[in-house]
Amino acid sequence: MKAFEVVAARDARHAVALLAEHTPTAKVKVIAGGTDLLADLKFASASHAPDVVVDISRAEDLRTIAVTGGGLSIGALVTHTEIMASPAIREMFPALVDAAHTIGAVQTRNLGTLGGNLVTAVPSVDSGPTLVALDAQVTVLGPGGERRMPLAEFFVGPRRTALKPDELLVEILIPTENLGKPACFLKFGLRKGQALALVNVAASFWVDAKTQTFRAPRVALGAVAPKVIHATSAEAYLEGRAIAPEAMAEAGRLAVGDAKPISDFRASAEYRKHLIAVLTRRALEGAYDVWQKKQSPAGRAR
Amino acid sequence: MVTVTVNVNGEPRTASVPPETTLLRLLREQFNLTGAKLGCDVGDCGACTVMVDGKSVNSCLMLAGQADGRDVLTIEGLATLERLHPLQEAFEQLGSLQCGFCGPGILMSAKALLDENPDPSEQDIRDALAGNLCRCTGYIKMIEAIQGVARADGARPAPKSA
Amino acid sequence: MDKKSAVIEKQARLQEVEALLKAPAAAPLAPLPREVLVPEARQQTPAVRQRATRPDGRLHGLGQTKYIDDYYLPGMLYAKIKRAGIASARILRIDTSEALKMPGVMAVITGKDVPCNSFGPSLKDQPVLADERVFHAGDGVAAVAAVTEQIAAEALEKITVEYEPIRPVLDPLESLQLETPGLHAPNPNIYGHKVIRKGDVEKGFAQSYRIFEGSYRTQMVEHVPLEPHASVATWDANGRVTIYSTLGRITLGRADISRTIGVPMSRVRVIATVVGGNFGGKNEITTEPVLALLAKKTGRPVKCTFTRPEEFLASTTRHPLVMDYKTGVTKEGKILARQIRLVLDGGAYCSWSETTLGKACILSAGPYQIDNLYAEAFVVYTNKTMTGAMRGFGAPQVCFAYESQMDDMAKALGIDPLQIRLTNALREGSLSPTSQKLHSVVVRETLLQAAQRFGWNEDGGGNGAQS
Ligand SMILES: Cc1cc2nc3c(=O)[nH]c(=O)nc-3n(C[C@H](O)[C@H](O)[C@H](O)COP(=O)(O)OP(=O)(O)OC[C@H]3O[C@@H](n4cnc5c(N)ncnc54)[C@H](O)[C@@H]3O)c2cc1C
């Protein structure tokens, strides 16, 4: 690894100040858990390496999980292990726990942060689909203050986000109206443990209890386009439709048309298309299971 | 250069290293603790696993400076002069390691698991070892050893053998 | 006793002693017919079902086992190898001057500095550092010794190499064509060939109810030992070099080191350290001669540990195979004839290809009784990472082919996949493809027991047409 300087930030504001100080004159990178950054730099050529690294791993203010006026707020520095252990997240969004659980292995999840995962923005990013399906927003802090945008727009392309070099991702927010919205995340990799997704899918919807129809359905797909995408035709098809296995299967077929999977050494585009249809259907079934469990007295008691 | 002080295996140790030094290299090259191994240097193989503040991490993916002021436990800190750690004893008795290169990392992952969950199911154990690659053994004897230690701790009666 | 008789007595005694010391030139021939000791099947060893513990198990668990990368010799330097990064090219110029100027860089060498730039366990076709020609992307073209690994790695980026690209041959079937230019011209691309002939395949095909033809391919596989290749070289004042290495075959390695660095074998000492996984991938030297030369040039011990990418790029791998099978069967699935062509993708250098070629060919018929067999195997050069020894030496690849074809045939004939195997399985006393009489053959018993244990017949698995 090429030599670089490290400056440690006490908190988010300090980190932004350090970014402002160094970005005009040097190539700067933020380090949180380091599981993406250091792995990237190990065998990178010297020209690719940063001169200064801003270490935010001790910025405790970025490490909170809390329900606020705006919704469920998750700090950028929260690790995947912390997401899995959070009582609030386990209660409201088991899908987020499942998604965190599929990321790397214990050691990587202990270091790797939600913020780092989203900023790296690989198309297969495993935290992406569930959060996109829950209409999550992200808060970004820069020299000019904060700005907020939907996560779906924060992702721009493969390994590209809307973040500017002097900005910090500080918070991920699931809006109040979606708290407890039934959701399900499914990932298909070549192995169960420590494998990147060939396809990952998240589905989420409210159930109109009276009519038993889909309300505000969302289907998000990963690893099948340059960034995490909404399966918009599947979503449009489901809106207001009666909940039934055939509808879920049809949504799966429609989702295939929303994606542009590529062929690579992990899988062919054809195989990925097959996976999209199957996983979308299963994710919809899974989200419906979550809803049903919440309705049963036993489910509520837990 | 940055000056790093870590509490390694219960003893404070200090070194001055270039800022890009990883925790793994700090342990191996400055403190002569060569138990943690460099297998892939990118977090895939788990041979470098150590515990930082009670959690297992890939020491190849952590900067030495990020460990400053923290507690680090390495394989060298498991046994005392009088006695092996129960996991070490079980691994030895069951012949759980073959070439041994992955062993220190596996044992640290196992220790981290049992610290948090004294009564793991087989699936829990497999999940805990997912980040440690072994090319010799096929993992079975490791899983048996970890199960044996968990049971010996009185967590639960031995399950019926398969 | 007079002088003369004393001498005679002494001579007689000497002759006695000499006769005792002198081993016979050849062992006396055993009387024919030979008595062959045949072990009972499944009773050969009491080890089965026993716990195997290891004497080194305790140190492994304590993290105290020392592998090469755990060694440090005083004053030691670190070496890095510049990899070509291009599959096939002529090297026009290598400029190492900028690297040499870097503080901390103690020496740089290229292929020109290697006294005898070729080695290999069978054919000596592999350069220590490529000098005129690059044969695959993982070829080393220069090596640096520096005071830290980091400086050595940065120095590699300062070395510039000018290449004239040559169209690479990547497909083994292309390499097989006679008109394809030889990678190692004037030597042909086909560098190993084997034929096994038994019975008369044409007759067998003529009698067959159906003939199945299939082509099967396997991919390249890396051993991925958890411990990457590593070695340390150090010279003593008497001009002897000591090399600590993760080498599985030190005597063979010693010969190659001696040859390449031009130092008599008596002055080369190879110390095999604990190996962190071999699987066939550490059966020959890699950078040992480079380290010996760098250590000699700098007067300091030099270590090199492969990075994980180098492990994939620059160490041996398992041969990919292209396997064409033509098999004639009766209506009941009994194999009457089988014709096989294997093409082994040998990569850039021979390594252990000859062993792999032989074993793949001998085992290509499968554990089946086939009276009419023709198996032919070729190994060819391609501009890819070299292939060599790996667990099984070709056996897993051919197994994939013959078992795949067994399933294809069972399905087409509507026969249970288990049954077609039982019908054809080798039996006690069967002859192998090379006419070796086989003893303790338990293929059928093994299949039946396995089928019973995993419930082959219980959940419809026995219905071959569906599986
Ligand atoms: C062995 C292994 C397996 C993995 N498996 C998976 C997997 O299955 N699924 C998956 O999705 N990922 C996987 N990853 C990737 C990685 O672990 C995750 O993306 C992780 O969450 C990254 O977080 P981090 O804190 O380690 O990021 P870092 O490496 O610290 O940072 C990553 C990038 O984000 C930037 N950054 C980090 N935080 C911020 C912030 N707050 N503001 C602005 N920029 C920031 C950094 O500058 C850097 O560019 C794996 C990684 C490894 C090593």
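User: How many residues of chain B are in contact with chain A, and what makes them count as in contact?

Analyst: This is a predicted model, so local features need pLDDT of at least 70, side-chain atom pairs count only at pLDDT 80 or more, and totals for chains, interfaces and linings use all residues. Residues are numbered from 1 along each chain as its sequence is written, chains are lettered from A and ligands numbered from 1 in the order in which they are written, and side-chain values use heavy atoms, with hydrogens and water left out. Now the count. Contact means heavy atoms within 4.5 Å. By that rule, 29 residues of chain B are in contact with 29 residues of chain A.

User: Why is the pair D41(B) and K42(A) called a salt bridge?

Analyst: The term asks for a side-chain nitrogen of Lys or Arg within 4 Å of a carboxyl oxygen of Asp or Glu. In D41(B) and K42(A), the closest N and O atoms are 3.1 Å apart. The pair therefore meets the 4 Å limit. Between chain B and chain A the count is two salt bridges.

User: How many residue pairs are in polar contact across the interface of chain B and chain A, and what makes a polar contact?

Analyst: A polar contact is a pair of N or O atoms within 3.5 Å; within protein, one must be able to donate a hydrogen and the other to accept it, and residues adjacent in sequence count only if both atoms are side-chain atoms. The rule finds 14 such residue pairs between chain B and chain A, both residues at pLDDT 80 or more.

User: Which elements of chain B supply the side that touches chain A, and what makes them elements?

Analyst: Helices (H or I, at least four residues) and strands (E, at least two) are DSSP runs, numbered from the N terminus. β4 (55–58) and α4 (122–128) of chain B each supply at least two residues of that side. β4(B) gives the largest share, four residues.

User: What classes do the residues on that side of chain B fall into?

Analyst: Eleven are nonpolar, eleven polar and seven charged. Ala, Val, Leu, Ile, Met, Phe, Trp, Tyr, Cys and Pro count as nonpolar; Asp, Glu, Lys and Arg as charged; the others, Gly among them, as polar.

User: Now chain C. How many residues of chain B are in contact with it, and what area is buried?

Analyst: 33 residues of chain B are in contact with 30 residues of chain C. The two chains bury about 2,500 Å² between them, 52% of it on carbon and sulfur atoms. In chain B, E92(B), F101(B) and R135(B) lose the most area to chain C, together 25% of what that side buries.

User: Why is R28(B) with D70(C) called a salt bridge?

Analyst: The closest N and O atoms of R28(B) and D70(C) are 2.8 Å apart. That is inside the cut-off, so the name applies. Six salt bridges are found across the interface of chain B and chain C. The polar contacts there come to 18 residue pairs, both residues at pLDDT 80 or more.

User: Which element of chain B gives the largest share of the side that touches chain C?

Analyst: α2(B) does, with four residues. By class, that side of chain B has 16 nonpolar, eight polar and nine charged residues.

User: How do you know where the domains of chain B lie, and how many residues of domain 1 are in contact with domain 2?

Analyst: Domain bounds come from an automatic or database domain assignment. For chain B it gives domain 1 (2–74) and domain 2 (86–152). Their C-alpha centres lie 21 Å apart. 15 residues of domain 1 of chain B are in contact with twelve residues of domain 2 of chain B. The area buried between these domains is about 1,000 Å², with 64% from carbon and sulfur atoms.

User: What makes K55(B) and E116(B) a salt bridge?

Analyst: Their closest N and O atoms are 3.3 Å apart. The distance is within the limit, so the pair qualifies. Between domain 1 and domain 2 of chain B the count is one salt bridge.

User: Why are β4 and β5 of chain A called paired strands?

Analyst: Two strands pair if DSSP finds at least two bridges between them. Four bridges join β4 (residues 65–68) of chain A to β5 (residues 71–75) of chain A, so the pair qualifies. The two strands run antiparallel. V67(A) has L72(A) in β5(A) as its bridge partner. β4(A) and β5(A) form a hairpin, with two residues between them.

Definitions and conventions. Buried area is the accessible area (1.4 Å probe) that two parts lose on being put together, summed over both.
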